[in-house]
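Reader: Please take a close look at a single part of this model and describe it in one connected account, giving the cut-offs behind each term as you go.

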Amino acid sequence: MIYSFFNFLYCFIKHVLYRFWLTIVALPLYFMVWRLALLEFVLFLEECFYLLLSPFFMFFKIRRYETTYGTIPFLSLRQISTLLDIKSTDTICDCGSGKGKCLLYFSIMFRCQVIAIESVSYLIKIHQCLSHLLGQQSRHRFIFDSLLTTDLPKADVYFISGLDFDNSVFAQLQRFFAACDLPIKIVCIGAPFTHLQCKKQDMVILPCSWGYCEIYIYHL
Ligand SMILES: C[S@@+](CC[C@H](N)C(=O)[O-])C[C@H]1O[C@@H](n2cnc3c(N)ncnc32)[C@H](O)[C@@H]1O
């Protein structure tokens, strides 16, 4: 009991310090792009809000959502953008877009069109509010559906944050990519897309909100 408490405390402090470090190294970017600073600040407030309320949630056994959640810091997104060579004419689709942090980064930095696919209504509502707050609503399209039941829209770049996706989601995505117009680029966070192993690919290891993680970029 005491061991698990101290283990929890150790992991918690380590995680807070890691997130603090991610914020410090991104400071120059926040000074240059105020919208990114505002976005990070609002997401920070939202996390603090849920951290404060978490004892209440635990007591009443309320779950925020069923899936694991993590996101990619702006500096890692900047490195990914360089590898993707993103242009303002590109359309970017995030398969499992969460609160839209990743897509908001691309629409703010590259002024490109973005499409969010998300199955948790609470997360997509936060994304919609943030896109209005940051004046990006005209660039964001929302699909509130499961990747298992919706047809993927046409895009130039697809993001797949698939650490918690099961094989049926990957199989569905594979069917779509096999039939869609090429060229496209696919970014897989945390797990390789095994069906695409034979395609041209880059792999980088970058900081994500939960720790360092492998990122695979496939060029189809
Ligand atoms: C790790 S989060 C990624 C968040 C976002 N891509 C980002 O980087 O900020 C994965 C997201 O995928 C969503 N998700 C999981 N399974 C899904 C499915 N079958 N259809 C649509 N979204 C799904 C989860 O609700 C979660 O928000």
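**The surroundings of C112**

Author: Leaving aside neighbours within four places in sequence, C112 is in contact with I86, S88, D90, T91, I92, F106 and S107, where contact requires that the C-beta atoms of two residues, placed from the backbone, lie within 7 Å. The model is a predicted one, in which local features need pLDDT of at least 70 and side-chain atom pairs count only at pLDDT 80 or more, while totals for chains, interfaces and linings use all residues. Residues are numbered from 1 along each chain as its sequence is written.

C112 is found in the loop between α5 and β2 (113-118), helices (H or I, at least four residues) and strands (E, at least two) being DSSP runs numbered from the N terminus. C112 counts as buried because 20 other C-beta atoms lie within 10 Å; the cut-offs, with C-beta atoms placed from the backbone, are 20 or more other C-beta atoms within 10 Å for buried, 12 or fewer for exposed, and partly exposed in between. Between C112 and K125, which are 13 residues apart in sequence, the C-alpha to C-alpha separation is 21 Å.

R111 lies in the loop between α5 and β2 and, although a residue other than glycine, has a positive phi near 55 degrees. R111 counts as exposed, because 12 C-beta neighbours lie inside 10 Å.

D85, which is not a glycine, also has a positive phi, of about 55 degrees, and lies in the loop between α4 and β1 (91-95), just after α4. Here the count is 9 C-beta neighbours inside 10 Å, so D85 is exposed.

In helix α4 (residues 74-84) itself, the buried residues are F74, S76, L77, I80 and L84. These cover an arc of only 150 degrees around the axis, and therefore sit on the same side of α4, the arc being that of the directions from the helix axis to the C-beta atoms.

Turning to helix α5 (residues 101-110), its axis and that of helix α3 (residues 34-59) come within 10 Å and cross at roughly 165 degrees, with axes fitted as lines to C-alpha atoms, for helices over the stretch in contact, and angles running from 0 to 180 degrees between N-to-C directions. The two helices are therefore roughly antiparallel, since angles over 145 degrees count as such, under 35 as roughly parallel, 65 to 115 as roughly perpendicular and the rest as oblique. The contact is made by R35, L36, L39 and L43 of α3 and K101, L104, Y105 and I108 of α5.
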